[in-house]
Amino acid sequence: MRVRFWGTRGSLPVAQKAGAIQAKIARALVAAGGQVFADEAQATAFAKANLDFATFGAYGGATSCVEIEGADDAYIVCDMGSGLREFGIDAFRRCAAGHARVFHIFLSHLHWDHIMGFPFFGPAFDPGATIVFHTGHPDAEQALRRQQEEISFPVPFDWLKAKMSFEVHQVAQPFEVGGVTVTLIQQHHSHESFGYQFVRDGRSVIYSTDSEHKLDNMESEAAFEAFFADADLVICDTMYSLGDTVSLKQDWGHSSNIVAIDLCHAAGAKRLALFHHEPTYADEDIQRMHAESVRYEELVRADRPELEVLCAYDGLEVEI
Ligand SMILES: [Zn+2]
Ligand SMILES: [Zn+2]
């Protein structure tokens, strides 16, 4: 399986402002220290080798959308945040090259940042496309129709041309999609959210966003430890720093990097992707949180095997 991140930001899409780009360029120029590069390729090679991600890259600002490649003849997509728009454009390209026009979309929940990309999803206008929405929420169709009512959007849901259907699933009842076994878990979030486990050929990916795990309540997290057990990759809501979750933002429905690492350690997971980044965090803040996460993992690892801590960004691809 291959996991492709199209949107990794939480709550609200964000864009880089001119000042942030200017600061990155200034840092890069200082780091180059007057060196002369013959062309852009040389400059790029220098930047890749010498600059940190927050200077030479960007975490991106599209809201939750993750593709899991590996199903037979179908796309698997988790959530429809604003990242779904770009996924749709890329899917058109791949469909033109022969990929089946079948989309299985797994919804964690119906908060706006997880469905706002759908009105801009090109394949929904394709009469040859099939879209199956998988959800734990019986009111998923209502949520999608409502965001396209005339008062909010010019194109009503009924104008869409793709063949669309909704499948409401129960937790802990595995089902099969294109050769991939999928299981849901109920999570701690307002109006409930659901996490998904995807298993194929002994490899597993967990998509678990918008869930509040509390450090002082880890005994009740046994169900999540079992759900994350031995996962090859856990994509986990780590919206806030630990300081924020225990002070300001307790009960806001999101988790910290620290709790996610503790859960993954307990579960024996192999890789964790920090996900659903706080929209007010600059690239430097997210990079610092990633570095602190890696350090914390080393400190508390003890005799467990290493948990690799990745920081998801728009455009990241991970081979499982
Ligand atoms: Zn969210
Ligand atoms: Zn939410």
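Helix H9, spanning residues 283-300, comprises 18 residues and extends 26 Å from its first C-alpha to its last, close to the 26 Å expected at 1.5 Å a residue; the expected span is 1.5 Å times one less than the number of residues. Helices (H or I, at least four residues) and strands (E, at least two) are DSSP runs, numbered from the N terminus. The structure is a predicted model, in which local features need pLDDT of at least 70 and side-chain atom pairs count only at pLDDT 80 or more, whereas totals for chains, interfaces and linings use all residues. Residues are numbered from 1 along each chain as its sequence is written, and chains are lettered from A and ligands numbered from 1 in the order in which they are written.

The buried residues of H9 are Asp283, Ile286, Met289, His290, Ser293 and Glu297. Viewed down the axis of H9, these residues fall within an arc of 125°, so they line one face of the helix; the arc is that of the directions from the helix axis to the C-beta atoms. A residue is termed buried if 20 or more other C-beta atoms lie within 10 Å of its own, exposed if 12 or fewer, and partly exposed in between, with C-beta atoms placed from the backbone. Exposed residues Arg295, Glu298 and Leu299 are carried on the face of H9 turned away from its buried side. Just after H9, Ala302 adopts a positive phi of about 55°.

The buried residues of H9 pack against helix H3 (53-56), helix H8 (257-267), strand S12 (271-275) and strand S13 (308-311). H8 and H9 pack at an angle of about 40°, their axes being 10 Å apart. The two helices H8 and H9 are therefore oblique to each other, a class covering angles that are not under 35 degrees (roughly parallel), over 145 (roughly antiparallel) or 65 to 115 (roughly perpendicular).

Met289, located in H9, counts as buried because it has 21 C-beta neighbours inside 10 Å. Met289 and Asn257 are separated by 32 residues in sequence and by 7.8 Å in space, C-alpha to C-alpha. Apart from neighbours within four places in sequence, Met289 is in contact with Ser241 and Asn257.

Ile320 lies in the segment after strand S14 (317-319) and, with 19 C-beta neighbours inside 10 Å, counts as partly exposed. Ile320 and Met1 lie 319 residues apart in sequence and 5.2 Å apart in space, C-alpha to C-alpha.

Definitions and conventions:
Contact = placed C-beta atoms within 7 Å. Axes fitted to C-alpha atoms, helices over the stretch in contact; angles between N-to-C directions.
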